[in-house]
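Here is a structure to go through, with each label set against the rule behind it.

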Amino acid sequence: MVHQTIQAIIEAVEKPAIFITHDYSIEAVNQAYRDTYTTEVILGKSKCFEVSHNFSKPCDQKGEACPLSSCKETGKNSSALHIHKTGSADIYCNILMKPVKDNNGMTIGFLEILEKVDFASSVSSDLKLIGKSKPFQELLKMITRSANSNISILLQGETGTGKELAALSIHQASKRANKPFIEVECTGLNESLFESELFGHEKGAFTGANTSKKGLVCMANGGTLFLDEIGDVPLNLQVKLLRLLETGHYRRVGSVEKQMANFRLICASHKNLEKMVEQGEFREDLYYRIAAFPISLPTLRQRKSDVSLLAEHLLSKSEFSSKKFTPEALTALSHYHYPGNVRELKNIVQRSALLSDDDLINVEHLPDNITNLNIIEHHSSNLMSNEKEHITKLLNQYGNQPQTIADNLEVSVRTLYRKLQKHQLNIKDFSSTK
């Protein structure tokens, strides 16, 4: 009877769902879940990690966060972001795990509901956020957390980190996805242009207004309004934006009639708005209106493990899609620090492809600032290796005699111990009989 009730609950869930016991066994499954994976689900025998990951052990034993383990520990709902192996490709999934209790309050199993994260990918894909690194996955968690709410979001990050694509991803994952996504570039907007662009104008409102025009706020009705580089909005215009957010109404230029606004607000800036507030360059009341849910986008320096994936993706989407990077070139690209982030990487990919005369892009085709860095790091690595080898020879020769070894290196004993720590050497491991 309990099994029939659980099966009925599972089948009523529109998203892929399963019921799992404490030992990870799948006891109930709906058709949406079966359709998602190629591995056949055998009730009472199949384990969740076998079907979704093709793992032989639970996720937490493979270095991933396991929502089932968290549920067992806390007795509360838990969620995690995973990459699952499906019939079509590896996809990002948001997993929600809920304990299921009997009439006595005892946990008899767990309900797992799967939500596909369509706006991101762990492989090359069009118009999606791409990556696998931990900072990237933390960003995805923040986006999925905020997407289904109407809370105002402030995207913060360096130039070239993908704030516009992140804003579009939030919109696509939201309940407003079938409504417009309207972007407003705030840089360079003067007072008259700002009001006309944002709120629209009536015919004859000013010189050159030969027809009435809808504003971007009106065009975003029911959807998302994205104010890019909001830190560039002058102080005298910020009060007009604040009034819109506080009242939910606006007037077209040249009109006295109030219009009602209906949009979800997402803002972005590469500037430190909190610091601008302290310096009197940005209104504090406006800041707290737009930054209800701040999200920091990681730099490419923080996502070094994603560089190869992104470089190959950008190359495949360029006019040089027939070319390939050599492993050595990808390694060199991964060592660079990218002050311009993904935008700079895109330029480097195109330039390097253009300099290659055949289908392979090698290290010599990369910009000098990358190849020189690679040479320096290689030289530094060799110096480190040579120093360790020299110290090891002295340890074998003099054993546990730190002063003698330090004198041979022409350094203090204190500096010697720092070098031993750096090279993971222990002076006590060497014989002092010599």
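Q: Why is S122 called buried?
A: In this predicted model, S122 has a relative accessible area of 1%. Buried means under 20%, so S122 is buried.

Q: Where does S122 lie, and which residues is S122 in contact with, leaving aside its neighbours within four places in sequence?
A: S122 lies in the loop between β6 and β7. Its contacts beyond those neighbours are I83, D90, Y92, G131, K132 and L309. A contact here requires heavy atoms within 4.5 Å.

Q: What makes K132 partly exposed?
A: The relative accessibility of K132 is 48%. The partly exposed class runs between under 20% for buried and over 50% for exposed, so K132 counts as partly exposed. K132 is found in the loop between β7 and α5 (134–147).

Q: Which residues is K132 in contact with, leaving aside its neighbours within four places in sequence?
A: They are I83, Y92, S122, Q137, D306 and L309. As for spacing, K132 and T107 are 25 residues apart along the chain, and their C-alpha atoms are separated by 34 Å.

Q: Why is L127 called exposed?
A: L127 has a relative accessible area of 68%. The cut-off for exposed is over 50%, so L127 is exposed. L127 is found in the loop between β6 (120–121) and β7 (129–130).

Q: Which residues of helix α4 (residues 67–74) are buried, and what do they pack against?
A: P67, L68, S69 and C71 are buried in α4. The buried residues of this helix pack against β1, β3 (78–85), β4 (90–101) and β5 (107–116). Just after α4, G75 takes a positive phi of about 75°.

Q: How do you know that L155 is buried?
A: L155 has 0% relative accessibility. With buried set at under 20%, L155 counts as buried. The place of L155 is in strand β8 (residues 153–156).

Q: What is L155 in contact with, leaving aside its neighbours within four places in sequence?
A: The contacts of L155 are K163, A166, A167, I170, I266, C267, A268, S269, I295 and L297. L155 and D407 are 252 residues apart in sequence and 55 Å apart in space, C-alpha to C-alpha.

Q: Why is E387 called partly exposed?
A: E387 has a relative accessible area of 22%. Buried would require under 20% and exposed over 50%, so E387 is partly exposed. E387 sits in helix α15 (residues 368–398). Leaving aside its neighbours within four places in sequence, E387 is in contact with K419, K422 and H423. E387 and H423 are 36 residues apart in sequence and 8.8 Å apart in space, C-alpha to C-alpha.

Q: What describes the packing of α12 and α13?
A: Two packed helices are described by the angle between their axes and the distance between the axes. For α12 (residues 307–316) and α13 (residues 327–335), the axes come within 9 Å and cross at roughly 115°. The crossing is right-handed. The contact is made by V307, S308, A311 and E312 of α12 and L330, L333 and S334 of α13. By class, that contact has 4 nonpolar, 2 polar and 1 charged residues.

Q: How many helices and strands are in the protein, and what makes it more spread out than a compact globule?
A: The protein has 17 helices and 18 strands. Its radius of gyration is 29 Å, whereas the globule rule gives 22 Å for 434 residues. The value is well over the rule, so the protein is more spread out than a compact globule. Its C-alpha atoms fill a box of roughly 95 × 70 × 50 Å, taken along the principal axes. Buried residues make up 45% of the 434 residues.

How values were computed. Residues numbered from 1 in each chain as written. Predicted model: local features only at pLDDT ≥ 70, side-chain atom pairs only at ≥ 80, totals over all residues. Heavy atoms only, no water. Axes fitted to C-alpha atoms, helices over the stretch in contact; angles between N-to-C directions. Helix = DSSP H or I, 4+ residues; strand = E, 2+ residues; numbered from the N terminus. Left-handed = near helix turned anticlockwise from the far one by under 90°. Nonpolar A, V, L, I, M, F, W, Y, C, P; charged D, E, K, R; others polar. Rg over C-alpha atoms; globule rule 2.2 N^0.38 Å. Buried < 20%, exposed > 50% of the residue type's maximum accessible area, 1.4 Å probe, protein only.
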